[in-house]
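Dear colleague,

Please find the structure below, together with a short account of what was found in it.

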Amino acid sequence: MLKLYGSTFSRASIVQWYLEELEVPYEFVLLDMKAGEHRQPEYLAINPIGKVPAIVDGDFQLWESGAILLYLAEKYGNKPLSLEERAIISQWVLFGNSSLATGIFVEANREREMPRLLTSLNEILEQQPFLLGNEFTAADVAVGSILAYIPIMLKLDLSAYSAVLKYIQQINERPAFQKSIGAGRS
């Protein structure tokens, strides 16, 4: 069974959300970061950087949430993806983990970056329910998780971005989201 290593309030919840979406059986291995379990030799053998999340899937080990999402999409997704489809999903996962996350959560960037990023996302989401059209993908987990954290962590005014707000609401209502990221909010 696939093992997901994480801690409370970590990016492991993003991977957990996608595992729930894909209905992949997994064991969540909770690491006590305060006690330094992520710095112990057993975990460093899985992720030498000592951060979470990481997965062990059989003999395969992988860390970094974006890389894990892409792996899960490829291995457990509902349909084989073309090179172009994989590239587009990778583009959005990388965007979520870098451009969007730093544009929203790095306070020094927020005033300049947030309007530009959210205006573009709003325009896309006015045309379609998900980033790639009508189908929910790993791209939506990567970008949707960042967007879903805005009302949880930052309480920013997003009223100018009605399609983004609708998307966040739609994401929040997904049963797999409720079992993962949504469960941590209560």
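The radius of gyration used here is taken over C-alpha atoms, and the globule rule is 2.2 Å times the number of residues to the power 0.38. With 186 residues, a compact globule would have a radius of gyration near 16 Å, and the protein chain agrees, at 16 Å. The C-alpha trace spans about 45 × 40 × 30 Å along its principal axes.

This is a predicted model, in which local features need pLDDT of at least 70 and side-chain atom pairs count only at pLDDT 80 or more, while totals for chains, interfaces and linings use all residues. Residues are numbered from 1 along each chain as its sequence is written, and side-chain values use heavy atoms, with hydrogens and water left out.

The protein chain has 8 helices and 4 strands (DSSP runs numbered from the N terminus: helices are H or I of at least four residues, strands E of at least two). From the N terminus on, the order is β-α-β-α-β-β-α-α-α-α-α-α. Of the 186 residues, 48% count as buried, that is, under 20% relative accessible area with a 1.4 Å probe, protein chains only.

The axes of H3 (residues 65–76) and H4 (residues 83–105) come within 10 Å and cross at roughly 155° (axes are lines fitted to C-alpha atoms over the stretch in contact, with angles from 0 to 180 degrees between N-to-C directions). That makes H3 roughly antiparallel to H4, a term for angles over 145 degrees. Ser65, Gly66, Leu70 and Glu74 of H3 make the contact with Arg86, Ile89, Ser90, Val93 and Asn97 of H4, where contact means heavy atoms within 4.5 Å.

Yours sincerely

Technical notes: Parallel < 35°, antiparallel > 145°, perpendicular 65-115°, else oblique. Buried < 20%, exposed > 50% of the residue type's maximum accessible area, 1.4 Å probe, protein only.
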